[in-house]
Amino acid sequence: MATRTFTFDVNSDYPPVADLVINVGASFTCTYTVNIPAGSAYDMTDQTLSGQMAKYVGAAATATFTVGLTSAYDGQFYIGLTTTQTSALTEGRYFYDVNAKDGSTVNRIVEGQLLVRGGISSSL
């Protein structure tokens, strides 16, 4: 399980970047802790999160992440894919993002590249 901590500035047009690795056929989870520039937690109370990955920007989504708030007040959330979802992926480089919706405002909270790697061992 990957863990990332980053600073998110709602006044910036550029979301933080966090690159990740996914192994084909394995469950995937990444936990994020989001801070604001002042150093305190980014409060995500009352926000709805969603995230997807695609082969390239503008392409149809290859997979939709399960996204959940671990602690909204403390700026903690996770994204995940099941073994079934990762088994359907083809090796290579992908792009992903996670958006947070608060009322009618949508912010891209994080984005990055995903490296999807195949494996040698058969699944369990």
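The stops below follow a sheet, its strand pairings and a charged surface patch.

This is a predicted model, in which local features need pLDDT of at least 70 and side-chain atom pairs count only at pLDDT 80 or more, while totals for chains, interfaces and linings use all residues. Residues are numbered from 1 along each chain as its sequence is written, and side-chain values use heavy atoms, with hydrogens and water left out.

Begin with the open sheet of five strands, whose order is 2-9-8-4-5 and whose pairing is mixed. Its edge strands, each pairing on one side only, are strand 2 (20-23) and strand 5 (63-64). Strands are DSSP runs (E, at least two residues), numbered from the N terminus; two of them pair if DSSP finds at least two bridges between them.

**Strands 4 and 5.** Select strand 5 together with strand 4; they are antiparallel and share two bridges. Here Met-53 has Ala-63 of strand 5 as its bridge partner.

**Strands 4 and 8.** Next, select residues 48-54 (strand 4) and 92-102 (strand 8), an antiparallel pair with seven bridges. Ser-50 lies opposite Asn-99 of strand 8, and Ala-54 faces Phe-95 in strand 8.

**Strands 8 and 9.** Tyr-94 is found opposite Leu-114 of strand 9. The two strands form a hairpin with two residues between them, and Gly-103 in that turn has a positive phi of about 65°.

**The negative patch.** Which residues form the negative surface patch? Select Asp-43, Asp-46, Asp-74 and Asp-102. Patch residues have over 30% relative accessible area and no salt bridge, with like charges joined within 9 Å; a salt bridge is a Lys or Arg side-chain nitrogen within 4 Å of a carboxyl oxygen of Asp or Glu. Asp-102 belongs to strand 8. Asp-102 counts as partly exposed because its relative accessibility is 40%, the class between buried (under 20%) and exposed (over 50%), with a 1.4 Å probe and protein chains only.

Note on methods: Helices (H or I, at least four residues) and strands (E, at least two) are DSSP runs, numbered from the N terminus. Patches are made of residues with over 30% relative accessible area and no salt bridge: like charges are joined within 9 Å, nonpolar side chains (Val, Leu, Ile, Met, Phe, Trp, Tyr) within 5 Å. Accessible areas come from the Shrake-Rupley method with a 1.4 Å probe; for residues, only the protein chains shown count as cover. Lys and Arg count as positive and Asp and Glu as negative; His and the chain ends are not counted. The place of a charge is taken as NZ of Lys, CZ of Arg, CG of Asp or CD of Glu.
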